[in-house]
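Dear colleague,

Please find the structure below, together with a short account of how its elements are arranged. I would be grateful if you could read the two side by side.

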Amino acid sequence: MGALSIRKVKKSYGDTHILKGIDLEIENGQFLILVGPSGCGKSTLLNMIAGLDDITSGEIYIADRLVNNLSPKDRDIAMVFQSYALYPNMTVRRNIAFGLEIRKVPKIEQDEIINRVAKTLQMEHLLDRKPAQLSGGQRQRVAMGRALARNPALFLFDEPLSNLDAKLRVEMRTEIKLLHQRLGTTIVYVTHDQIEAMTLGERIAVMKEGEVRQFGTPQQLYDLPSDLYVAGFIGSPSMNFIPCVLGEADGVGVVTLNNGKDQLISLGQISDIQRPFVGKPVILGIRPEQLTDPASAHSDHPNMQILTAMVTITEPTGPDTLVTVNINGVKTVARCHPRAAGVPGQSVQLSLDPTKALLFDPVSEKRLA
Amino acid sequence: MADSYRQTTQAKLARMGIYAMLFLLALWFLAPLYVMLTTSFKSLDDIRSGNLLSLPQSFSLDAWKTAWDSACTGVECGGMKSYFGNSLKMMIPAVLISTLLGSLNGYVLSMWRFKGSDAFFMALLIGTFLPFQVVILPMAQVLGMLGLENSTGRLVLVHVIYGLQFTTLFFRNYYVTVPSDLVKAARIDGAGFFLFFFKILLPISIPTIMVCLIWQTTQIWNDFLFGVVFSSGDGQPITVALNNLVNTSTGVKQYNVDMAAAIIAALPTLLVYIVGGKFFVRGLTAGAVKG
């Protein structure tokens, strides 16, 4: 059964098109992340799922029920907001009970629900406080409690962690994930933070300018990004994009990387999609951890490629050091073992995993696979 | 050591200077009240023989009694009491209605914006700059067309209309600081337009409600121009009655009665400020600091 199905959904204000046809579908119990830079339409989409914004065209189904013309309260959803949106004049208990009262849930049942939710979120001691007497993390917890009380088909989270400080954010992130695993709820979660997206999501939709650029599991997005935008957005530090010209030798794709001198790198079997690009400029995408000192490289691959490059800057992060070198005229970051990082001005050997290297069309920006 | 010692004495002197200045200014501003109060407790002989600042030789409440129930305002000699009642009857509904409508207006203009709502708000803002005199003639025509005869009813309507732009402005400026997520959360909870307004928004607007009540009370109670133009005879508010009382010249000028009547007329607004002044300042700054 589909928990949420979004079909060809568009949103326009006159000639301004905010969403240009969104198609997404998730199953019961899945955790969907909508991620993208501000202004990409992710919050608008969430508001449209909630019924707080009109749909220009297309259809939205929640639990196999067309909800286009239903009011927010009839959609069987609950929402957690960035600003928590707790009613300041009511105690935590009343905040949770408010929606239940409107739905005419009997008083005894209300109390049961409130106690259950308070226990789940370990906030029994907060029930009689007003929101102003709570810390940021506690308010966040209450906001989640209010959503849980409803026991809806779908939970919507609108950047719920972005008002918290860094340490608390990581804690709450884990807590949300734990809650999801324990209760098996279906969640749509909006964020602009790619780390949050990767750690929480089971399905991630990367959005930009009103379109879904890629929809898949975190690992799919990381290993096989569909285009340059997704490749650059997911992962930190982000993927290196090295312009080069694709060549072919005995059915194997090769590129020339230059750091003082040309070095031929073979990438593996050339595919049918890649073949027309032979002799033409392409962009080689390689993640920093797949460009590392030979000792740290997973050398089980027989075709590990080695290149030499001169270090321009090193940035220690503790477990490993980010080494910046210059390849084909662009800054390229390699993730090396601290002892093998070298010093600026020194030449180091870097090994490149050709099975992980990706090729992109510089014009369409699509991955060539 | 010597330096710091000198500095503290200097600071102390400066502070004392400031307090002395403030004390003198307070005396200066309180002087008229002092004169009014003492004069109202004096007898007419006392007033004629003594000087303006002297204390009454014999303390008497006669002037207050006269002012309240037997002083002449024009041809009638029933004192201020019925006019005091008129003002109350006019002020209370006018203040409550304008405050309630203002909060509803502010709610719509900040959280349920519609096409042209900004233009509508601008038009209301211009209304706050219009002086009383400008609206008198058109207002008289409208009242004529409505055929509203009752003085109190006419004044309530006029004051509600004239006060609405101020109350709307106060509430709207407070409500734009309320996060819009709050409305969204309430809509998902199933609360409609009025349920959200009465259950959540009004309870958190108490500082702004206080500002509106105080502002409107003083405006409406102290108004003279609308009162004198749109009411007649025994339906006049107290400000008009006070004017008539002071200007009625039959026989000896009774300064003590004039003073007592003036204090009676000013008493409610004085009281409102003493009781609600704290809320007034708090409410005016409530919009400035979020939360």
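**Helix packing, sheet and chain contact**

In chain A, helix H4 (residues 136-150) lies across S6 and strand S7 (154-158), running at about 175 degrees to S6(A). Helices (H or I, at least four residues) and strands (E, at least two) are DSSP runs numbered from the N terminus; axes are lines fitted to C-alpha atoms, for helices over the stretch in contact, with angles from 0 to 180 degrees between N-to-C directions.

This is a predicted model, in which local features need pLDDT of at least 70 and side-chain atom pairs count only at pLDDT 80 or more, while totals for chains, interfaces and linings use all residues. Residues are numbered from 1 along each chain as its sequence is written, and chains are lettered from A and ligands numbered from 1 in the order in which they are written.

Helix H3 (residues 107-120) of chain A packs against H4(A) at an angle of about 135 degrees, the axes being 9 Å apart.

The open sheet of chain A has 6 strands in the order S6-S7-S8-S3-S9-S10, with mixed pairing (two strands pair if DSSP finds at least two bridges between them). S6 and strand S10 (211-216) of chain A are at the edges with a single partner strand each, so one side of each lacks a neighbour in the sheet. Strands S3 (residues 31-35) and S9 (residues 203-208) of chain A pair in the parallel sense over 4 bridges, and A:Val35 stands opposite A:Val206 in S9(A).

The contact between chains takes 18 residues from chain A and 13 residues from chain B (C-beta atoms, placed from the backbone, within 7 Å). Strand S6 (77-80) and helix H2 (92-102) of chain A each supply at least two residues of the side touching chain B.

With kind regards

Notes. Contact = placed C-beta atoms within 7 Å.
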